[in-house]
Structure formats: C-alpha cells, structure tokens
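Hi,

Here is the structure I promised to pass on. Have a look, and then read on for what turned up.

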Amino acid sequence: ISRRLKRGDWPLPNLIVLDGGQSQLSIVNWSIPTIALAKKEEVIHTLTGRQIKLSQDHPGLQLLQRLRDEAHRFSRRLHHKHRRFIMG
C-alpha cells in the first residue's frame with residue numbers, strides 16, 4: 001500500500017479495504033479512510049475500533065466480499081506465475 005500511495009501521478013483512494021481484522025488495521029498510519037474485512041465472521045473493522053456486522057444478503061457486504069475474493073485470486077495467480085518463473 002505504501003508503494004501505491006507514493007505514486008504522485010495517481011489520485012489518492014477514497015477508501016482502502018484490507019483483508020483481515022483489527023490486527024491488520026493496527027499498523028495503518030495514513031489519513032485515508034480504511035476498513036478491514038475479517039473473513040470468518042465477515043465483520044467490517046474500522047480505524048476507530050468499531051465493528052460492523054451486515055447481513056449476508058446486504059449488497060455492501062457482498063461487494064466487499066467480491067473485492068476480497070478478487071484480490072485473493074489476483075495474488076494467487078501472481079504467486080503461481082512467480083513460482084513458475086523461479087522453478088523454471
């Protein structure tokens with residue numbers, strides 16, 4: 001995230017969504033609104049320590065779940081690509 005925020009030619013994001021819970025938020029030191037989505041409980045954690053529990057059919061929660069799932073898919077694909085490159 002730090003690398004992304006250093007890009008002067010890109011606008012700052014309006015919101016950063018982290019994969020994880022309160023422990024992931026504890027290392028945040030920027031002024032951009034940030035939330036974290038804990039996977040098992042599907043609870044949204046905020047920088048203020050507030051926990052938001054939305055119903056499984058709530059469109060906002062479904063959007064955050066799709067964002068998280070896409071981030072996982074992207075990172076797994078990149079990881080496999082790097083392993084193929086390193087392993088030959």
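Below are some notes on the pocket and the strands.

This is a predicted model, where local features need pLDDT of at least 70 and side-chain atom pairs count only at pLDDT 80 or more, while totals for chains, interfaces and linings use all residues. Residues are numbered from 1 along each chain as its sequence is written, and side-chain values use heavy atoms, with hydrogens and water left out.

The largest pocket comes out at about 810 Å³. (A pocket here is an open set of points on a 1 Å grid over the protein atoms alone where a 1.4 Å probe fits, with protein on both sides within 12 Å along at least five of seven lines; lining residues have an atom within 4 Å of a point.) It has 18 lining residues, and those closest to its centre are Ile-1, Arg-4, Ile-16, Val-17 and Ala-71. α1 (2–5), β1 (16–19) and α3 (59–87) each give two or more residues to the lining, with α3 giving the most, five. (Helices are DSSP runs of H or I, at least four residues; strands are E, at least two.) By type, the lining has 13 nonpolar residues, five charged and no polar.

Then there's β2 (residues 34–38): five of its five residues are buried, meaning under 20% relative accessible area with a 1.4 Å probe, protein chains only. Thr-34, Ala-36 and Ala-38 point one way, Ile-35 and Leu-37 the other.

β2 pairs (at least two DSSP bridges) with β1 in the parallel sense over four bridges, and Val-17 sits opposite Ile-35. Four bridges also join β2 to β3 (residues 43–46), this time antiparallel, with His-45 as the bridge partner of Ala-36. In that hairpin, with four residues between the strands, Glu-42 has a positive phi near 55 degrees.

Cheers

Terms used:
Points joined across faces, edges and corners; volume = space filled by probe spheres on them. Nonpolar A, V, L, I, M, F, W, Y, C, P; charged D, E, K, R; others polar. Buried < 20%, exposed > 50% of the residue type's maximum accessible area, 1.4 Å probe, protein only.
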